[in-house]
Amino acid sequence: MSINALLDEFKVKAATPKQQLQEYKAQGKKVIGVLPYFAPDELVYAAGMVPMGIWGSNNKTISRAKEYCATFYCTIAQLALEMLLDGTMDQLDGIITPTICDTLRPMSQNYRVAMHDKMAVIFLAHPQNRFEPFGLEFCVDQYNHVKSELEKVAGHEITNDAIQDAIKVFNESRAVRREFVKLANDHCDVITPTKRSAVLKAYWFMEKPAYTAKLKELNEELKKLPVCDWKGTKVVTSGIICDNPNLLAAFEENNIAIAADDVAHESRAFRVDVPFNPDPMMALAEQFAAQDYDVLLYDPESSKNRRGEFVANMVKESGAQGLVLFMQQFCDPEEMEYPYLKKALDDAGIPHIKLGIDQQMRDFGQARTAIQAFADVLSMQ
């Protein structure tokens, strides 16, 4: 299959989660929605069910969710609930609700109240102090709770062998996605920002073996191409999510390519593999403990500004000229982190811009102007 045909397929998959959910249900499969983020999708797969990422929507208006949510909750959380209430994703057999931030923590109970008679709502609390033995033990206990609830939905036990097999499937997917983002940097004339986003977004909705096989095929085709002699500029993107084609089109209009990303919806999701451990539940907990450089995770060495330096180094190592920060509106952790991130970027001499975004954006004029001005600044570096 040609590169363009493969990219078109990923684009369709990224844009049609409801259709794919309906297809899974028509095939007799059970599907579990998984809210952001760090939830152990491997357990859903090991149960013989399909994990489907729920990250809000760029095409919905918040209406019914207002009955349950405070107006200052981020639009990702509100629109995830909206899709459960308006019939978009109500065929799910259950949802996993992590409580990794101050919005998702109370929202988990709103999902439970709203969906109590329609689907299983599985609460997941991660330990912030995740490094110590007691943190690992707490994480295993929480994952065992998720496992037990998934077994009720699936109607059978989830075996350790099944979890080990799932870990292999998901680690392979992570490796293939890591390879893709590197190839996308080498071939940014072909993998534009909107196409890059669609390829990575499709992962959340597709069955994992099928996605991995298709992405391997794309990677092999990209390897056949000569490395692009890019005449424009390159940036690193950072934030929780940036999957809006209208916003990303402004990059392409200004000849900006994405060299790498620090986006939770994208590369943060596949930075860390699950290590081998005879106890697969402990292996999943160890993977969570190994996650790092994330604004929502406790850092005992935060005074050293490790995350800011990590992001600055990513810009340098990727060959990018600057960074674009997509700051989710009403996200307190991101807003509180910004001064430290800005300091690290300024100290490293890296230009950046901060764009406030949410999934209710319909007017992109101001963002387009900011991106155009930033492109002019980078072109003079």
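Visitor: Which elements do the buried residues of α8 pack against?

Guide: Packing is read from contacts (heavy atoms within 4.5 Å). The buried residues of α8 pack against α1 (3-15), α7 (160-186), α9 (208-223), α10 and β6. Helices (H or I, at least four residues) and strands (E, at least two) are DSSP runs, numbered from the N terminus. This is a predicted model, where local features need pLDDT of at least 70 and side-chain atom pairs count only at pLDDT 80 or more, while totals for chains, interfaces and linings use all residues. Residues are numbered from 1 along each chain as its sequence is written, and side-chain values use heavy atoms, leaving out hydrogens and water.

Visitor: How many residues of α8 are buried?

Guide: Buried means under 20% relative accessible area, exposed over 50%, partly exposed in between (1.4 Å probe, protein chains only). In α8 (residues 193-202), 8 of 10 residues are buried, so the helix is mostly covered. Among them are P193, R196 and K201.

Visitor: Is S267 buried or exposed?

Guide: S267 counts as buried because its relative accessibility is 8%. S267 is in the loop between β6 (256-263) and α11 (280-290). Not counting residues up to four places away in sequence, S267 touches V181, R196 and D261. R196 is also one of the buried residues of α8.
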